[in-house]
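Here is a short note to read beside the model. Keep the sequence and the 3D view open as you go through the points.

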Amino acid sequence: MNKNIVLIVVFWILALPFAVFADDEEPDVKDMPTRERILVGGNIGLQISNINTMVLVSPRIGYRLTNRLTSGLGLTYQYYRHSGWGNTQYRSVTHIYGGSLFSRFSITRQLFLQAEYEALNLDSRMGTLINTDSDNRFWEQNYFLGGGYRAPLGSRASINLMLLYNFNQNSVVYFQNPIFRVGVDVSL
């Protein structure tokens with residue numbers, strides 16, 4: 001855990017020069033129409049190996065409450081296949097789905113802090129090596145905190161690079177901490 005805290009501190013130390021020299025002039029969101037305060041986007045992911053295949057689709061919608069604060073919600077769907085290292089007893093395919101609530105505080109136009117709550121519905125076989133016939137599912141609660149860098153793609157779109165720490169130490173879905181995410185935001 002100490003290694004993860006050090007990584008987050010190093011990230012912020014490296015990002016500090018960007019925060020000091022960033023141009024913070026932008027129109028006040030109070031003067032914008034509601035439609036222009038809405039952000040859509042999300043994350044997609046793909047992991048393919050000899051042992052595991054994972055496909056992630058996570059659309060999001062957010063609303064700019066102020067120039068610095070954006071909140072929203074998202075959906076998550078994940079297809080996961082584990083090939084069992086050649087042993088058919090340990091092979092499994094599962095579908096993970098759920099939702100999340102997030103808040104993002106902009107330090108500058110490029111740097112932000114993010115807090116997120118995520119609830120995922122998992123197959124009861126996740127996290128075990130034994131492929132049971134049970135169709136039971138359970139909910140996993142994840143709590144993320146971290147930061148990111150926003151790279152503009154034009155006047156209405158940006159790519160977000162995030163480093164988030166999951167405070168659920170018993171997560172079945174996330175195997176490492178911190179978690180690196182790449183996402184896209186588009187203003188309507």
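1. Start with the terms. Helices are DSSP runs of H or I with at least four residues, and strands are runs of E with at least two; both are numbered from the N terminus. On that basis the protein chain has 1 helix and 8 strands. Bear in mind that this is a predicted model.

2. Now the order. Along the sequence, the pattern reads α-β-β-β-β-β-β-β-β.

3. Next, the chain as a whole. It has 188 residues, and 38% of them count as buried. Its accessible surface is about 11100 Å², with 64% belonging to carbon and sulfur atoms. Take the contacts between residues at least 6 apart in sequence: 55% of these join residues at least 24 apart.

4. Follow β1 into β2. A hairpin of 3 residues joins β1 to β2. The two strands run antiparallel, and 11 bridges join them. To see the pairing, find G45, which stands opposite L56 in β2.

5. Carry on from β2 to β3. Here the hairpin passes through 4 residues. Again the strands run antiparallel, with 11 bridges between β2 and β3. Look for R60: its bridge partner in β3 is G74.

6. Which residues make the nonpolar surface patch? They are I44, L46, I48, V55, V57, Y77, Y97 and W139, and the patch covers about 840 Å². β1 (38-48) and β2 (52-64) each supply at least two of its residues. β1 gives the most, with 3 residues.

7. Y77 lies in strand β3 (residues 69-82).

8. Finally, check E118. This residue is in strand β5 (residues 111-123). E118 is buried, yet it has no salt bridge. The nearest side chain of opposite charge is R181, 4.4 Å away. A salt bridge needs the nitrogen and the oxygen within 4 Å. Leaving aside residues up to four places away in sequence, E118 touches T76, G99, S100, E140, Q141, N142, F144, Y174 and R181.

How values were computed:
Residues are numbered from 1 along each chain as its sequence is written. This is a predicted model: local features need pLDDT of at least 70, side-chain atom pairs count only at pLDDT 80 or more; totals for chains, interfaces and linings use all residues. Side-chain values use heavy atoms; hydrogens and water are left out. Buried means under 20% relative accessible area, exposed over 50%, partly exposed in between (1.4 Å probe, protein chains only). Contact means heavy atoms within 4.5 Å. Accessible areas come from the Shrake-Rupley method with a 1.4 Å probe; for residues, only the protein chains shown count as cover. Lys and Arg count as positive and Asp and Glu as negative; His and the chain ends are not counted. Patches are made of residues with over 30% relative accessible area and no salt bridge: like charges are joined within 9 Å, nonpolar side chains (Val, Leu, Ile, Met, Phe, Trp, Tyr) within 5 Å. Two strands pair if DSSP finds at least two bridges between them.
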